[in-house]
Amino acid sequence: MKQLKTAHAHLLTSGHGSDTFAFSRILAFCSNPLHGSLSHGWNLFQRIQNPTICICNTMIKAFFLNGHLTNAIHIYSQILQTGLRPDNYTFPYVLKACSGLQSFHLGELVHGQSLKLGFWFDVFVGNSLISMYSSFGNVRAARCVFDEIPFRTAVSWTAMVSGYAKSGDVETARMIFDESPMKDLGVWGSIISGYVQNNCFKEGLVMFRQMQSTGMEPDEGIFVSILCACANLGAMEIGIWVHRYWNQLGRRPMSVRLITGLIDMYAKCGCLGIAKELFDEMPQRDIVSWNAMISGMAMNGDGENAIRLFSEMEKDGVRPDDITFIAIFTACNHSGNAYEALRLLDRMCRVYNIDPKMEHYGCLVDLLGRAGLLKEAKELVLRMPDSSRHGRSEEAIAWRALLSCCCSHGQAEMAEDAAERLFLLEHHSGAYVLLSNLYAAAGKHDDARRIRKMMEQRGVGKAPGCSSVEVDGVVHEFVAGEERHLQMEEVHGVLRKMDKQMDDFG
């Protein structure tokens, strides 16, 4: 900033103080969140008697980049009041500010103003509108804008694919991707991340393979998506390849985001040692990195070290979030430390002012139930906020955990209460199957048959089991009762051979 102020002083003393372009460059430097000074830029802007639209655009961008979204909208209002005409560099950042403020009404107003000013077919404005409406979940409005753009760019296709993917409509997202005449890294990245975000991990890996066949080099964002897919599929070979490939590129040190993706992948694939090495070597860590490592330890049964790492995080001054507490409650579950979990719940609410979500209640109920504290578990469930605040499906998480624990401990009466509540909350086979199995194990076969018959009468079907295995970098998926896998005969042959060998060994 010292050099910038010197350059600004030189402009003034040399008689170029009114040079609009030079002044906008000074403002642009001030807007940089890393090495600029927004306050200095704002002071300079306020001294200008008649700022041009170029300078106003730079100030709007500065406020947006620094997270001052309301101020960005205020500058836009000033532009309209002073009679300046916004251009196609004004609207993109104003629309992004509307999106960040989650103000659908304001976004519609700005959209209407852009149309009045003749920006019907402007691709810059159109792309920003697609992204804005998609962020509001209004994919229909985004599609209308997309269809009206006469000359679409790769950014247009990327925004539309991402919009459908965010709404959960991966089929239409794929159709838009297939229709795209231009497929740059952005378009490929949008469909790959779209599949992964919607838990279609195998499809995401397939698209990654297709992208590789075009000779296109993946960027960091695509690698992060692929690592997420590998983590959830247990496809460690592909994850290791990503790790080695990035190191071979030798472009630059790995970002916090990429290292966190690797930590998550290795931890979920059972390689906790490698994950911890990567974590320890990180020069910088954010809350997502801490969460990934704590969660990795918890899911691998290392509850005590997960709790220890949580304490270390607090000492480092990192503020935990709701995801941190889900991980730490899971860690307490694995270490059987029920009372520590209740202490941390109190700390979560009282110290960090985080309201428990249904996932927290689900973890704690499961933990208390496993510890045999069924009465305390039920009391916690009854203390939960009303389902109107969270949704019926989320409330079902805690009741399902209570039912499972009751069945494990043979507590039929409490299990019946939990099951009855679940029958009202969701149309799912899990509660029926658990209760039926409990009755059967207790010798109450009439009650077990009654529950099975109730399933049939209510049209509740049992979802088939599904599993996957990675062999030579390829993920094979098997669904119970299906015979569609190309090597099913070979699989059956191996199973018959194993069965015979076990019989031989008695």
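This is a predicted model: local features need pLDDT of at least 70, side-chain atom pairs count only at pLDDT 80 or more; totals for chains, interfaces and linings use all residues.

Student: Which residues of α16 and α18 meet?

Tutor: On the α16 side, look at Val256, Thr260, Ile263, Ala267 and Lys268. They meet Val288, Ser289, Ala292, Met293, Gly296 and Met299 of α18. Sorted by class, that contact has 7 nonpolar, 3 polar and 1 charged residues.

Student: Let's zoom out. How many helices and strands does the chain have?

Tutor: You'll find 29 helices and 2 strands. The chain has 506 residues, and 45% of them count as buried.

Student: And what do the contacts say about sequence separation?

Tutor: Take contacts between residues at least 6 apart in sequence: 57% of those join residues at least 24 apart.

Student: Now the core. What's the general idea?

Tutor: In soluble globular proteins, nonpolar side chains tend to be buried together. Here, the largest nonpolar core holds 147 residues. Those touching the most other members are Ile226, Ile263, Ile328, Phe329 and Leu402. You've met Ile263 already, in the contact of α16 with α18.

Student: Which residues does Ile328 touch?

Tutor: Leaving out residues up to four places away in sequence, Ile328 touches Ile294, Ala306, Ile307, Phe310 and Leu344.

Student: Can we try a serine? Is Ser156 buried or exposed?

Tutor: The idea is to compare relative accessible area with a cut-off: buried means under 20%. Ser156 sits at 0% relative accessibility, so it counts as buried. You'll find Ser156 in helix α10 (residues 154-166).

Student: What joins the side chains of Ser156 and Asn127?

Tutor: A polar contact of 2.6 Å. Beyond four places in sequence, Ser156 also contacts Val123, Ile130, Phe146 and Ile149, along with Asn127 itself.

Student: One more serine: is Ser99 buried or exposed?

Tutor: Ser99 has a relative accessible area of 16%, so Ser99 is buried. Ser99 lies in helix α6 (residues 90-100). Setting aside residues up to four places away in sequence, Ser99 touches Met132, Ser135 and Phe136.

Technical notes. Residues are numbered from 1 along each chain as its sequence is written. Side-chain values use heavy atoms; hydrogens and water are left out. Helices (H or I, at least four residues) and strands (E, at least two) are DSSP runs, numbered from the N terminus. Buried means under 20% relative accessible area, exposed over 50%, partly exposed in between (1.4 Å probe, protein chains only). A polar contact is a pair of N or O atoms within 3.5 Å; within protein, one must be able to donate a hydrogen and the other to accept it, and residues adjacent in sequence count only if both atoms are side-chain atoms. Contact means heavy atoms within 4.5 Å. A nonpolar core is a set of buried Ala, Val, Leu, Ile, Met, Phe, Trp, Tyr and Cys residues joined through side-chain atoms within 4.5 Å. Ala, Val, Leu, Ile, Met, Phe, Trp, Tyr, Cys and Pro count as nonpolar, Asp, Glu, Lys and Arg as charged, and the others, Gly among them, as polar.
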